[in-house]
Amino acid sequence: NSTFTTKHSTPPGQVKNVKIKSATDSLVTITWDKLNESDIKHYVIYRNNVKITTTNKTEYSDSTLQSGTTYFYQISGYDLDQNEGQKSSSLFAKLLTKDTSAPTISNIVVTKGDAASISWQTSEKSTYLLDWGKTQSMINKANSSNTSTAHKVVLTSLEKLNTYYFKITACDEKKNCASSSVQQFFFGADN
């Protein structure tokens, strides 16, 4: 009595509905519909016509990419009998260009009254650090980790008849930072 198993030669169907789930400047995640065949071993991932990996999931994240570059992906099913199905239609994924530009600081305005307020704008959402003081060593600090393009700091308890110095540093969400030049204002007796 002997038993034997025959392998079938019918490949899996074509993978459909390949989509971009998310893309950044260094990562793309793609998804696709699960094949209905019960003998699927894994899916084969191709990038630019080169097999890069296999997975048994219907999602793949590719992190070995270059910012600002376009890649194309195809997926195929691979069954237990080592039959590979037809590759999916090509999916083109263009990665975002990496942000390396610091925000621009502009429209710096000092308004004086019982206190002094310093307001400014940034060219993109940014956090800030305001160094200030009566000397150019500016030992006082005011900061915010909230991102915005319109910023304002109110300085209280200032001594009258003194010159105050300040410098603004703004950082965007990608940690690109820029600083203003050292500015000054006079806090007089009658503001």
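**Entry 1**

I began with Glu59, which counts as partly exposed at 33% relative accessibility, where buried means under 20% relative accessible area, exposed means over 50%, and partly exposed lies in between, using a 1.4 Å probe and protein chains only. I note here that this is a predicted model, in which local features need a pLDDT of at least 70 and side-chain atom pairs count only at pLDDT 80 or more, while totals for chains, interfaces and linings use all residues. Residues are numbered from 1 along each chain as its sequence is written, and side-chain values use heavy atoms, with hydrogens and water left out.

Which side chain meets that of Glu59 in a salt bridge? I found that it is the side chain of Lys21, at 3.0 Å from N to O; a salt bridge here is a side-chain nitrogen of Lys or Arg within 4 Å of a carboxyl oxygen of Asp or Glu. This pair links distant parts of the chain, since Lys21 lies in strand β1 and Glu59 in strand β5, 38 residues apart. Lys21 itself is exposed, with a relative accessible area of 54%.

**Entry 2: the other salt bridges I looked up**

The structure holds 4 salt bridges, and I followed two further pairs. Asp62 and Arg47 meet through their side chains at 2.5 Å, N to O, and they join distant parts of the chain, with Asp62 in strand β5 and Arg47 in strand β3 (residues 40-47), 15 residues apart. Are Asp62 and Arg47 buried or exposed? I noted that Asp62 is buried and that Arg47 is buried too.

Lys141 and Asp131 form another salt bridge, again given as 2.5 Å from N to O, and they link strand β10 (residues 140-155), where Lys141 sits, to strand β9 (residues 116-133), where Asp131 sits, at 10 residues apart. In this pair Lys141 counts as exposed at 55% relative accessibility, whereas Asp131 is buried, with a relative accessible area of 9%.

**Entry 3: the sheet that holds β1 and β5**

Next I traced an open sheet of 3 strands, whose order is β1-β2-β5 and whose pairing is antiparallel; two strands are said to pair if DSSP finds at least two bridges between them. Its edge strands are β1 (19-23) and β5 (59-62), each of which pairs on one side only. Neighbouring strands of this sheet are turned by 20° against each other on average, with direction ignored, where the axes are lines fitted to C-alpha atoms, for helices over the stretch in contact, and angles between N-to-C directions run from 0 to 180 degrees.

I then went through the pairs. Strand β1 is joined to strand β2 (residues 28-31) by 4 bridges, running antiparallel, and the two form a hairpin with 4 residues between them. Lys19 has Thr31 in β2 as its bridge partner, and Ile20 stands opposite Ile30 in β2. On to the next pair: β2 and β5 pair in the antiparallel sense over 4 bridges, with Thr29 opposite Ser61 in β5. As background I wrote down that strands of a sheet pair through backbone hydrogen bonds, either parallel or antiparallel.

**Entry 4: Thr169**

Thr169 has its place in strand β11 (residues 162-172), and it counts as buried because its relative accessibility is 16%. Which side chain does the side chain of Thr169 reach in a polar contact? I found Ser179, at 2.8 Å; a polar contact is a pair of N or O atoms within 3.5 Å, where, within protein, one must be able to donate a hydrogen and the other to accept it, and residues adjacent in sequence count only if both atoms are side-chain atoms. Leaving out residues up to four places away in sequence, Thr169 touches Thr127, Tyr128, Leu129, Cys177, Ala178 and Ser179, with contact meaning heavy atoms within 4.5 Å.

**Entry 5: the whole chain**

Last, I stepped back and noted that the protein chain has 0 helices and 13 strands, where helices (H or I, at least four residues) and strands (E, at least two) are DSSP runs numbered from the N terminus. The radius of gyration, taken over C-alpha atoms, is 30 Å, well over the 16 Å that the globule rule gives for 191 residues, so the chain is more spread out than a compact globule; that rule is 2.2 Å times the number of residues to the power 0.38. The C-alpha trace spans about 110 × 30 × 25 Å along its principal axes. Of the 191 residues, 36% count as buried.
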